[in-house]
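Here are some notes to go with the model, for anyone opening it for the first time. Have it on screen while you read.

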Amino acid sequence: MTEVTIYTDGSARGNPDGPGGYGAVLLYTDKTGKVHTKELSGGFSRTTNNRMELMGAIAGLEALTRPCRVRLCSDSQYLVRAFNDHWVDSWQKHGWMRGSGSRKEPVKNPELWKRLLAAMAPHEVTFVWVKGHAGNFYNERCDTLATTAADQPGLPPDPGMR
């Protein structure tokens with residue numbers, strides 16, 4: 001099984017109602033031992049950074065053409081904890097609701113979480129929190145891709161995300 005590391009990032013450019021973009025870098029080794037990278041960048045407007053982080057992860061996973069062992073690295077602690085702390089399992093179990101008692105509320109962006117789960121399905125995925133960028137070239141590259149995507153003029157809003 002091919003091993004792939006995906007570094008992902010999102011940028012809402014500091015404004016939840018402003019432009020947003022996401023980037024992902026896939027790092028993998030082919031059968032000959034040669035290391036390859038594939039860069040993905042996309043974007044849409046009127047969204048938040050958490051949505052961008054999800055979109056970056058989805059884009060990276062959807063770019064894979066066959067089942068892989070995936071190490072998904074993100075600087076989004078929220079995204080990583082959603083899987084490592086089994087929040088997503090709980091959300092699904094409780095009808096895409098989070099919290100307890102009178103503080104129960106709907107999970108934001110269930111369509112994106114479901115799309116991410118579908119993109120993960122054929123793969124063995126582990127999530128790693130990359131705290132900050134701290135010289136990690138690939139994570140910094142994802143940040144650059146996300147910012148580039150956020151700066152693209154005229155990108156339409158992602159359907160159903162607002």
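**Notes on the model**

1. Let's start with Trp96. It has a relative accessibility of 14%, so it counts as buried, the cut-off being under 20%. Keep in mind that we are looking at a predicted model. Trp96 sits in the loop that links α3 to β5 (97-98). Its backbone is worth a look too: phi of Trp96 is near 60°, a positive value, and the residue is not a glycine.

2. Now go to His86, which also has phi near 60°, again positive in a residue other than glycine. His86 belongs to the loop between α2 and α3 (87-93). Is His86 buried or exposed, or something in between? With 48% relative accessibility, His86 counts as partly exposed, because that class runs between the 20% and 50% cut-offs.

3. Stepping back, what does the whole chain look like? The protein chain has 5 helices and 7 strands. Reading from the N terminus, the order is β-β-β-α-β-α-α-β-β-α-β-α.

4. How much of the protein chain counts as buried? The figure is 43% of its 162 residues. As for contacts, take those between residues at least 6 apart in sequence: 66% of them join residues at least 24 apart.

5. Next, find the pair α2 (residues 77-84) and α4 (residues 110-120). Their axes come within 13 Å and cross at roughly 65°, and the crossing is right-handed. Which residues make the contact? From α2 they are Tyr78, Leu79, Ala82 and Phe83, and from α4 they are Trp113, Leu116, Leu117 and Met120. Sorted by class, this contact has 8 nonpolar residues, with no polar and no charged ones.

6. Last, look at helix α5, which covers residues 137-150 and has 14 residues. From first C-alpha to last, α5 reaches 20 Å, close to the 20 Å expected at 1.5 Å a residue. Its buried residues are Asn139, Cys142, Leu145, Ala146, Ala149 and Ala150. As background, an α-helix has 3.6 residues a turn, so residues three or four places apart point the same way.

Methods
Residues numbered from 1 in each chain as written. Predicted model: local features only at pLDDT ≥ 70, side-chain atom pairs only at ≥ 80, totals over all residues. Heavy atoms only, no water. Axes fitted to C-alpha atoms, helices over the stretch in contact; angles between N-to-C directions. Helix = DSSP H or I, 4+ residues; strand = E, 2+ residues; numbered from the N terminus. Left-handed = near helix turned anticlockwise from the far one by under 90°. Contact = heavy atoms within 4.5 Å. Nonpolar A, V, L, I, M, F, W, Y, C, P; charged D, E, K, R; others polar. Expected span 1.5 Å × (residues − 1). Buried < 20%, exposed > 50% of the residue type's maximum accessible area, 1.4 Å probe, protein only.
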